[in-house]
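User: I am new to this structure and would like a close look at a single part of it.

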Amino acid sequence: MGVGRALMLALAFLAVATLPAAFALLFCYDEILDRVVCGWSEWRDRRREKRTIARLDRAIEADALTRDIDLSEFDSADRRPLEQLAADLRRLGGQRVGGSGRSMVWHSALLQAYDDRLRLACRALGIAEHLAELEGVDQEIERVRVEGVLHAAGLALPAARAGLRQRHR
């Protein structure tokens, strides 16, 4: 009888110790079930995306397309990150648009710095530009074209946004 009572006492302690967990499961089962279902659907979506990408790679023979690209150019130490170039372009573009009352030397230096950053961003994204070869109105038109192409490539610039008109001087 002593072993039976000891076992009954151990089971009673175990039941009392797990009672808060049982109540938590009882009252939060919908939250737990929701998390499990969401986790399962996210895993299934990631798996489906990976299969789709692998199928597309096989369909367009992505390895053959990228075989001739030299990836060591992207790892060079003198290459600036695209995020930093985008921040520079936004800062310089904002100063270029709102820089009234400054000297012509300051404005020309600002345009030169802005054009340099545009060239670097175009080189990083593989976009053709002709900013260095043009002057005057032709250069301004090329600048607007390059801003539009960079904007279409996903680089949001203040002057390239729709609805924002530049002030003419």
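How are α3 and α4 oriented to each other?

Analyst: This is a predicted model, in which local features need pLDDT of at least 70 and side-chain atom pairs count only at pLDDT 80 or more, while totals for chains, interfaces and linings use all residues. Residues are numbered from 1 along each chain as its sequence is written, and side-chain values use heavy atoms, with hydrogens and water left out.

Two packed helices are described by the angle between their axes and the distance between the axes. Helix α3 (residues 82-98) packs with α4 at an angle of about 150°, and their axes are 9 Å apart; α3 and α4 are therefore roughly antiparallel to each other, a term for angles over 145 degrees. The contact (heavy atoms within 4.5 Å) involves residues of α3 including L82, L85, L89 and L92, and residues of α4 including W106, L110, Y114 and L118.

With a relative accessibility of 37%, H130 counts as partly exposed, which means between buried (under 20%) and exposed (over 50%), taken with a 1.4 Å probe on protein chains only. The C-alpha atom of H130 is separated by 8.9 Å from that of V146, which is 16 residues apart along the chain.

As for confidence, pLDDT (the predictor's confidence in each residue, from 0 to 100) has a mean of 82 for the chain, with 82% of residues reaching 70 or more, but it stays under 50 over residues 162-169. Where pLDDT is low, the predicted coordinates should not be read in detail.

Conventions. Axes fitted to C-alpha atoms, helices over the stretch in contact; angles between N-to-C directions. Helix = DSSP H or I, 4+ residues; strand = E, 2+ residues; numbered from the N terminus. Parallel < 35°, antiparallel > 145°, perpendicular 65-115°, else oblique.
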